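Reader: I have the sequence and the coordinates open. Can you walk me through them in questions and answers?

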Amino acid sequence: MRTDTHQAPQGEGKGRTIILTVMMAVITAIMFSHGKIPQDPKEAIALIVTFLFANTLFFLLIYTGKTDRYRAVYFSTFAVALIISFISHMFEARGSMSLSEAKVLQCEVPFCHLVIPMTLVPMALTKTIIFPGSLIGGYASIASMFVLWIGATLALGRGFCSWGCFYGGLDDGFSRVLKRPVIKKINPKWIYLPFAVLLFVVLTAAAYLSPTYCTWFCPFKAVTEFEAVTSTKILIQTIIFVSLFIGLVIVLPILTKRRTQCAFLCPFGAMQSLTNKINVFDVRIDKEKCVKCKRCIQVCPTLSMSEESLEQGRPRITCMKCGKCIDNCPKGAISYHVKGTDVAGNNRAYRLLFLFAAFLFISIFSSHIIQDGIIRVLKLITTGSMIS
Amino acid sequence: MLMQGLFLGLSNGVTCVAYCTPVLIPYMLGEGKSVAQNFLALSQFLLGRLAGYLAFAFVAWLINLSVLERLGSKGLLIGALYIIFSCFLMVYAFFKTDAPCAARSIGYIAGKIKVPFLIPILAGLLSGLAFCPPFLLAMTDAASEGSLSYSLFFFFMFFIGTSIFFIPIPFVGMLRRLTALRIIGKMAAGIVGLYYLYAGIITVIAGVKGI
């Protein structure tokens, strides 16, 4: 192992950072506000706070050269805002977080991206979508989620899991609670489990025309919506999803400092891993610069870095492009990269290209949710209730 | 119900492929044949497997006639079998066990037999007759209905489900992923095992209520 001095990630100069931030600010100002200034003071405050929050983080991301540090702040805020916004919305619309049979029959269940893998095969076979959601219009419609998913997949591949998923910020956030992991050794074979879950849920969804993962496994039902417990079967399902939430989203991320739900369970993540193959951006390791200190292996939240990766010069297919390995590499040997170009090429330009696309996606995708989350908190402060 | 045969086959196909390719691939590589000729060998192998499965289907039907028809409530026995086999499947999935694929023994025999044409068929037949957990689950499912035609069709669907996974095998280049597929297959088998455990418990509860 060579022992050269630490080489911190290089940021851009002030001039270039300001130009890029102004560009981002113009786009986000239009997208966040939809071209009009809100009349309600709470909405105006929420818009301004969200706008400043996003663009400050973007400035720091570009200027400091640190990717994961500022991405994680935005990403976790997005997840927390979603919970506040979603639960408030559910209470306004239904009076509780539980889902009644009537709402299922009326196809009023919000659609999330985790359902997508289960809908594809039945959609191809039967030309129907096996989810009781609204196709267009309403809250979280199926069509809007598909459009977002296709766009994000083309732009980011599995980067969606670090730059778009509104659940991922939870285990990402909890994985940063402790300074050092309590559980250090994890068998890397567990990274195959999401693929097994994907195989299982795709097959069962195709066989039974039912979104199996949502019914049985989704841990995020604990903080969004769930079926009212009216039978033993639903009670078992509830125990499963609550246990998975506590275990994989809270406890294990704290103890391991890894994103355990995303790395060891999520079938959507497994499917997105496959889309990394068609995505133009990837993460590469410059073997000339790498001193095999294995810092990247220690910090990767999804075990996507291995000794084999260092030999091959690229992470595993499960890489979420979060940038943690890039931030932590003492030699600056790891970087974002555009496929088909030289690994030791213009890495700063590749980074800017990726970050602009990724940040634009998360900021636009999250803007309404973060704004709504802020409005709900302001309502709580001023009226004592988050719902209207 | 018949779709369950296909589903069970599809769920366990990766595991079947992972365990049976150590026989097929060395044979194909050893013969040094073209992809088209490898497909012919694969067809012979699958033909043998189908024969093995149909033999299983017949046994499953006999079990149903001799045991289940005399019981007042089938749910209790079928549920209990589901539980036993699902536990077996989970042990098989999560613990290191010897491959239960009977066709493994053909590796030695293959060196002795001088008729290459028979090797894939025999390998297929033996793999079809293997007493491994996915087959036992399929047998339990098939035995839960009374007719021979159901039993035969169930195993035929199971055969179709597992056979899909064999199609890429002649493209030897894809073998690099076998280790990962084997792990994924075993894990998927474990999840299927959990599903059958749940189904078994529910079936037993329903059976107890039916008595």
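Reader: Which residues touch the most other members of the largest nonpolar core, and which helix gives the most to this core?
Author: This is a predicted model. The core holds 124 residues. Those touching the most other members are A:Phe78, A:Ala196, A:Leu199 and A:Phe200. With 12 residues, the helix that gives the most to this core is α9 (residues 193-208) of chain A.

Reader: Which residues lie in the other core, apart from that one?
Author: The other core has six residues. Among them are B:Ala41, B:Phe45, B:Phe165 and B:Phe166.

Reader: Leaving aside neighbours within four places in sequence, what is A:Leu199 in contact with?
Author: A:Leu199 is one of the residues touching the most other members of the largest core. Set aside its neighbours within four places in sequence, and its contacts are in chain B. They are B:Ile184 and B:Ala188.

Reader: How many residues of each chain are in contact, and which element gives the largest share of chain B's side?
Author: The contact takes 11 residues of chain B and 10 residues of chain A. On chain B, α1 (2-31) and α8 (178-210) each supply at least two residues. The largest share is seven residues, and it comes from α8(B).

Reader: How do the residues of that side of chain B divide into nonpolar, polar and charged?
Author: The side in question is the one that touches chain A.

Reader: What pattern does chain B follow along the sequence, and what share of its residues count as buried?
Author: Chain B has eight helices and zero strands. Read along the sequence, the pattern is α-α-α-α-α-α-α-α. Take contacts between residues at least 6 apart in sequence: 91% join residues at least 24 apart. Of the 211 residues of chain B, the buried share is 47%.

Reader: Where do the domains of chain A fall, and how far apart are the C-alpha centres of domain 2 and domain 3?
Author: The assignment puts domain 1 of chain A at 11-95 + 348-388. Domain 2 covers 97-279, and domain 3 covers 281-345. The C-alpha centres of domain 2 and domain 3 of chain A are separated by 27 Å.

Reader: How many residues does each of these two domains give to the contact, and how does the side of domain 2 divide?
Author: Domain 2 of chain A gives 17 residues and domain 3 of chain A gives 12 residues. On the domain 2 side, α7 (160-163) and α12 (260-264) of chain A each supply at least two. That side divides into seven nonpolar, seven polar and three charged.

Reader: At what angle do α2(A) and α17(A) cross, and is the crossing left-handed or right-handed?
Author: Helix α2 of chain A spans residues 41-64, and helix α17 of chain A spans residues 347-383. Their axes come within 8 Å and cross at roughly 145°. The contact includes A:Ala54 and A:Phe58 in α2(A), and A:Phe359 and A:Ile370 in α17(A). Its residues divide into 13 nonpolar, four polar and three charged. The crossing is right-handed.

Reader: Is A:Glu307 buried or exposed?
Author: A:Glu307 lies in helix α15 (residues 307-312) of chain A. Its C-alpha atom is 7.6 Å from that of A:Ile297, 10 residues apart along the chain. A:Glu307 has 10, so the residue is exposed.

Conventions: Residues numbered from 1 in each chain as written. Chains lettered and ligands numbered in written order. Predicted model: local features only at pLDDT ≥ 70, side-chain atom pairs only at ≥ 80, totals over all residues. Axes fitted to C-alpha atoms, helices over the stretch in contact; angles between N-to-C directions. Helix = DSSP H or I, 4+ residues; strand = E, 2+ residues; numbered from the N terminus. Left-handed = near helix turned anticlockwise from the far one by under 90°. Contact = placed C-beta atoms within 7 Å. Nonpolar A, V, L, I, M, F, W, Y, C, P; charged D, E, K, R; others polar. Core = buried A, V, L, I, M, F, W, Y, C linked by C-beta atoms within 7 Å. Buried ≥ 20, exposed ≤ 12 C-beta atoms within 10 Å, placed from the backbone. Domains from an automatic or database assignment.
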